[in-house]
Amino acid sequence: MKGKIRVIVSGAGGRMGREVVKLVLEDEALELAAAIDRSASSQDAGRLVGLEACGIMVTSDLEAALEAGGADAMVDFTTPQSAYANTALAIKYGVRPVIGTTGFTPEEIEELDKQCRERGIGGLIAPNFSIGAILMMKFAAQAAKYFPHLEIIEYHGDQKLDAPSGTAIKTAEMISAVREELRQGNPKEEEVIEGSRGGYYNGFRIHSVRLPGVFAQEEVVFGGYGQTLKIRHDSYERAGYMPGVKLGLQKVMEYTGLVYGFDHFIE
Ligand code: NAP
């Protein structure tokens, strides 16, 4: 595509949204069309993210920004409660959605895909924009064909609500799709302390570590005859998701329909 991609950032005042605003303001291939947020409105979007003033004020009215025209895509990192409506609204105005907000149901994704096709635009919903995390999942699935004995260990901050993480579940699903049916370990095994062996998923175990100071890490440990193999990914900060967001913005300009999952773009 020639020219800059003009981007509306929805949820611009949030932890992820601020990183996206920074990305869009600093990347030469991208241009900020509008910045939308509920509580961070009425201030300059550049100042909001610690950069120079860019002349675009944060507002709380997504529809007005869409109506103003000129935007090619909308990135949304808000809440599961508002992301569906935001996405449908963007599609209605022919603005391609690139959605990082988690929590969409399969029915919602199907409906949004239909709307994208009707409007003749591309869209993306990606629960994980980290290219490294996607590669880790793919490599783990590759290794599981040869090493069917494995355990997943994921590490997150101590305030995370769900366990295991969405990425660990997705890893387990990708591994299960290619791994031979097998229930690992000693069938007579007994837990002396309940939960010691972690969560059971399709014959193997998932362990969730929760500690302050940790951001997001995951490793898949494979055991074979006389050897182990570890595939590990460490995320240290939110900026690590931004190369994925940029790639997503470039990709949605090239196809029609809604793609679910960033792994589709990583060969
Ligand atoms: P956050 O810091 O709470 O940010 C959300 C922001 O969206 C807040 O500033 C909030 O404003 C604003 N907001 C909520 N509803 C809105 C609406 N209707 N219109 C405009 N702005 C609205 O959350 P976060 O950590 O950035 O995470 C956001 C989402 O991204 C979560 O679903 C999270 O799971 C997901 N996530 C995805 C990835 C990925 O790779 N795909 C990575 C990290 C996080 P108020 O404070 O005023 O409510």
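Which elements do the buried residues of α7 pack against? I found α6, β7 (150–156), β8 (199–201), β9 (204–210) and β10 (216–224). Helices (H or I, at least four residues) and strands (E, at least two) are DSSP runs, numbered from the N terminus.

Ground rules. I am reading a predicted model, where local features need pLDDT of at least 70, side-chain atom pairs count only at pLDDT 80 or more, and totals for chains, interfaces and linings use all residues. Residues are numbered from 1 along each chain as its sequence is written, and side-chain values use heavy atoms, with hydrogens and water left out.

**Helix α7.** I listed the buried residues of α7: Thr167, Ala168, Thr171, Ala172, Met174, Ile175 and Ser176. Buried means under 20% relative accessible area (1.4 Å probe, protein chains only).

**α6 with α7.** I looked up the packing of α6 (residues 131–144) and α7 (residues 166–176): the angle is about 35° and the axes lie 8 Å apart. Axes are lines fitted to C-alpha atoms, for helices over the stretch in contact; angles run from 0 to 180 degrees between N-to-C directions. The crossing is right-handed, that is, the near helix is turned clockwise from the far one by less than a right angle. From α6, I noted Met136, Met137, Lys138, Ala140, Ala141 and Ala144; they meet Thr167, Lys170, Thr171, Met174 and Ile175 of α7. Contact means heavy atoms within 4.5 Å. By class this contact has 7 nonpolar, 2 polar and 2 charged residues. Ala, Val, Leu, Ile, Met, Phe, Trp, Tyr, Cys and Pro count as nonpolar, Asp, Glu, Lys and Arg as charged, and the others, Gly among them, as polar.

**α1 with α8.** I checked α1 (residues 15–26) against α8 (residues 242–252): their axes come within 10 Å and cross at roughly 65°. This crossing is right-handed. Met16, Glu19, Val20 and Leu23 of α1 touch Met242, Val245 and Lys246 of α8. I count 5 nonpolar, no polar and 2 charged residues there.

**Cavity.** How many cavities of 30 Å³ or more does the structure hold? I found 1. A cavity is a set of points on a 1 Å grid over the protein atoms alone where a 1.4 Å probe fits but cannot get out; lining residues have an atom within 4 Å of a point. Ser176, Arg179, Glu180, Glu181 and Asn202 line the largest cavity. That lining has no nonpolar, 2 polar and 3 charged residues.

Technical notes. 1 Å grid on protein atoms, 1.4 Å probe; cavity = no way out; pocket = protein on both sides within 12 Å on 5 of 7 lines; lining within 4 Å. Points joined across faces, edges and corners; volume = space filled by probe spheres on them. Buried < 20%, exposed > 50% of the residue type's maximum accessible area, 1.4 Å probe, protein only.
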